[in-house]
Amino acid sequence: MNPDRDLQHSYQEWRRLAEAEGEAIRAGNWMLVFDCQNALRQLQPRIVRQTEAARREWAALGLDAGAKECELDEIIHVLIQLENRNNSLINARRCRAQEELAKLEQANLTLRLIQRSYAPTAPRMERLFPNFQNRA
C-alpha cells in the first residue's frame with residue numbers, strides 16, 4: 001500500500017467524476033449528475049484519510065512536505081476549476097429553465113384570457129341560481 005499513490009488515484013477519480021458530471025449537465029442527464037455528485041461526496045472522506053496517511057508517509061520517508069503540498073495544491077486548484085465550471089453550467093441551465101417556465105406561464109395566462117373571451121356567459125343561470133359562479 002502506497003498512501004501517496006492512493007491519494008493521487010483518488011484525485012484522478014475526482015477529476016474523472018467532475019468531467020463526467022460536466023458532460024451530464026450539458027446533456028441534461030440529471031440522474032448521471034446526481035450519481036456523480038453522490039460519488040464525489042463518498043470520495044471526500046477517503047481523500048481526507050489518504051491525505052493524512054500520505055503526510056505521515058512523507059514524514060517517515062523524509063520527503064519535502066512543502067513540495068508535496070504544492071503538488072496537491074495544483075491538483076486541487078484544477079479540481080476547483082472543474083467544479084466551478086460545473087456550477088456555472090448548472091446555473092446557466094437553471095436560468096434557461098426559469099426563462100422557459102416564465103414563457104410557459106405567460107402562454108398559459110394568454111390562453112386563459114382567450115378562453116374567457118370566447119366562453120359563453122350564462123347570465124340567465126346566474127339569475128336562476130344566485131349561488132352559481134361562472135368558472136370559465
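View 1. An α-helix has 3.6 residues a turn, so residues three or four places apart point the same way. This is a predicted model, in which local features need pLDDT of at least 70 and side-chain atom pairs pLDDT 80 or more, while totals for chains, interfaces and linings use all residues. Residues are numbered from 1 along each chain as its sequence is written, and side-chain values use heavy atoms, with hydrogens and water left out.

**View 2. The whole protein.** The protein has 4 helices and 0 strands, in the order α-α-α-α along the sequence. Helices (H or I, at least four residues) and strands (E, at least two) are DSSP runs, numbered from the N terminus. Of the 136 residues, 21% are buried. Among contacts between residues at least 6 apart in sequence, 69% join residues at least 24 apart.

**View 3. The length and kink of H2.** Helix H2 covers residues 30–61, and its 32 residues should span 46 Å at 1.5 Å a residue; the end C-alpha atoms are 45 Å apart, which agrees. The expected span is 1.5 Å times one less than the number of residues. A kink of about 25° lies at Leu-43, shortly before the proline Pro-45; the bend is the angle between axes fitted to the seven residues ending at a residue and the seven starting there. Just after H2, Gly-62 has a positive phi of about 70°.

**View 4. Helix H3 and its N-terminal cap.** The 54 residues of H3 should span 80 Å at 1.5 Å a residue, and its end C-alpha atoms are 78 Å apart, which agrees. Asp-64 caps the N-terminal end of H3, with a side-chain oxygen 3.1 Å from the backbone nitrogen of Gly-66. The buried residues of H3 are Lys-68, Leu-72, Leu-79, Leu-82, Asn-86 and Ile-90, and their cover includes H1 and H2.

View 5. Cys-70 counts as partly exposed because its relative accessibility is 44%. The whole structure holds 0 disulfides, a disulfide being a pair of cysteine sulfur atoms within 2.5 Å.

Methods:
Buried means under 20% relative accessible area, exposed over 50%, partly exposed in between (1.4 Å probe, protein chains only). Contact means heavy atoms within 4.5 Å. A polar contact is a pair of N or O atoms within 3.5 Å; within protein, one must be able to donate a hydrogen and the other to accept it, and residues adjacent in sequence count only if both atoms are side-chain atoms.
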